[in-house]
Amino acid sequence: MAVVGVCEDDVALRGVLVAALKGAGHEVISTSTGEQAVRLLGKDSGVQVCVLDIGLPDADGRDVCLALRAAGQPAPVLFLTALGAVHERLAGFHAGGDDYLTKPFAVSELLVRLDALARRGTTPVASETGLRLDAGKHAITFGAQEVRLSPTEFRLFATIAGRDGEVVRRGTLVAAGWPDGAMVSDNTLDSYIRRLRTKLEGIEAPVGIETVRGVGYTLR
């Protein structure tokens, strides 16, 4: 049985999910906001699979997923949402999600999907930079210092930070930062990266965004 993290702001639905998961033998850590999810469902929580609602009161669940990934949480994520359009589903996968259920859904189907995700699992790749991402405020903190990001800046940085030293290709960043099908020039992406570098320098971050010429970017 798995340790399941649930972040759902609807009290009634959260109660149904928690009861069903416990009835199936799982341990549950339940939250209702993005801030709580980042704080309670991180890499040291023991969570093996996460259920994240996209429409949270304080954050987009996809940004919460990015923040968890950047903080080293490798657990598979299943998104819950009332948004079923193809571009919405693609945005969830680009944000690091592993599966997607559109409301309303059958609880029995959710349990089967979670079991499959928990069996698959992943290997932790945790960053020890000391940087923290706040999905609600779209901010990076380092010690007592904080810098606010635009939503696009946040998604780009979280995607790079979540790869923990791997080179992230430019196409991957465009898919994470902009809606599916958006026409984004190389100059536009480069401009966002320059702004991110300036903001990291402003909080004296111990790492920066390094260009891997002809490929993409990495955090070093």
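The following conversation goes through a predicted model and asks what lies behind the words used to describe it.

Biologist: What makes up the protein chain at the level of domains, and how far apart are the centres of domain 1 and domain 2?

Modeller: The chain is divided into domain 1, residues 3–120, and domain 2, residues 131–219, with bounds that come from an automatic or database domain assignment. Taken over C-alpha atoms, the centres of domain 1 and domain 2 are separated by 24 Å, and the contact takes 13 residues from domain 1 and 13 residues from domain 2.

Biologist: Why is helix H6 described as largely enclosed by the rest of the structure?

Modeller: Buried means under 20% relative accessible area, and nine of the eleven residues of H6 are buried, so H6 is largely enclosed by the rest of the structure. The buried residues of H6 are Thr-152, Glu-153, Phe-154, Leu-156, Phe-157, Ala-158, Thr-159, Ile-160 and Ala-161.

Biologist: How do you know where helix H3 and helix H6 stand relative to each other?

Modeller: Two packed helices are described by the angle between their axes and the distance between the axes. For H3, residues 61–70, and H6, residues 151–161, the axes come within 8 Å and cross at roughly 35 degrees. The crossing in which H3 passes H6 is left-handed. On the H3 side the contact is made by Asp-63, Leu-66, Ala-67 and Ala-70, and on the H6 side by Phe-154, Arg-155, Ala-158, Thr-159 and Ala-161.

Biologist: What kinds of residue make the contact of H3 with H6?

Modeller: The residues of this contact divide into six nonpolar, one polar and two charged. Asp and Arg count as charged, and the contact includes Asp-63 of H3 and Arg-155 of H6.

Biologist: Which residues touch the most other members of the largest nonpolar core?

Modeller: That core has 48 residues, and Leu-52, Phe-157 and Ile-209 are the ones that touch the most other members. Two or more residues of this core come from each of strand E1 (3–7), strand E3 (49–53), H3, strand E4 (77–81), strand E6 (131–134), H6, helix H8 (186–202) and strand E11 (216–219). At least three residues are drawn from each of domain 1 and domain 2. A second, separate core of 18 residues includes Val-4, Leu-17, Leu-21 and Leu-111.

Biologist: Which residues is Ile-209 in contact with, leaving aside its neighbours within four places in sequence?

Modeller: With those neighbours left aside, Ile-209 is in contact with Phe-157, Ile-160, Ile-193, Leu-196, Arg-197, Leu-200, Tyr-217, Thr-218 and Leu-219.

Biologist: Why is Glu-88 called buried?

Modeller: The relative accessible area of Glu-88 is 16%, and buried means under 20%, so Glu-88 counts as buried. Glu-88 lies in helix H4, residues 86–94, and is in contact with Arg-62, Leu-83 and Tyr-100 when its neighbours within four places in sequence are left aside.

Biologist: Why does Glu-109 count as partly exposed?

Modeller: The term covers what falls between under 20% and over 50%, and Glu-109 has 34% relative accessibility, so it counts as partly exposed. Glu-109 is found in helix H5.

Biologist: What makes Ala-82 an exposed residue, and which residues does Ala-82 touch?

Modeller: Its relative accessible area is 62%, and exposed means over 50%, so Ala-82 is exposed. Ala-82 lies in the loop between E4 and H4, and, not counting residues up to four places away in sequence, it touches Thr-102 and Lys-103.

Biologist: What kind of peptide bond joins Lys-103 and Pro-104?

Modeller: The bond is cis, with omega at about -5 degrees, and Pro-104 lies in the loop between strand E5 (99–102) and helix H5 (107–120).

Definitions and conventions
Residues numbered from 1 in each chain as written. Predicted model: local features only at pLDDT ≥ 70, side-chain atom pairs only at ≥ 80, totals over all residues. Heavy atoms only, no water. Axes fitted to C-alpha atoms, helices over the stretch in contact; angles between N-to-C directions. Helix = DSSP H or I, 4+ residues; strand = E, 2+ residues; numbered from the N terminus. Left-handed = near helix turned anticlockwise from the far one by under 90°. Contact = heavy atoms within 4.5 Å. Core = buried A, V, L, I, M, F, W, Y, C linked by side-chain atoms within 4.5 Å. Buried < 20%, exposed > 50% of the residue type's maximum accessible area, 1.4 Å probe, protein only.
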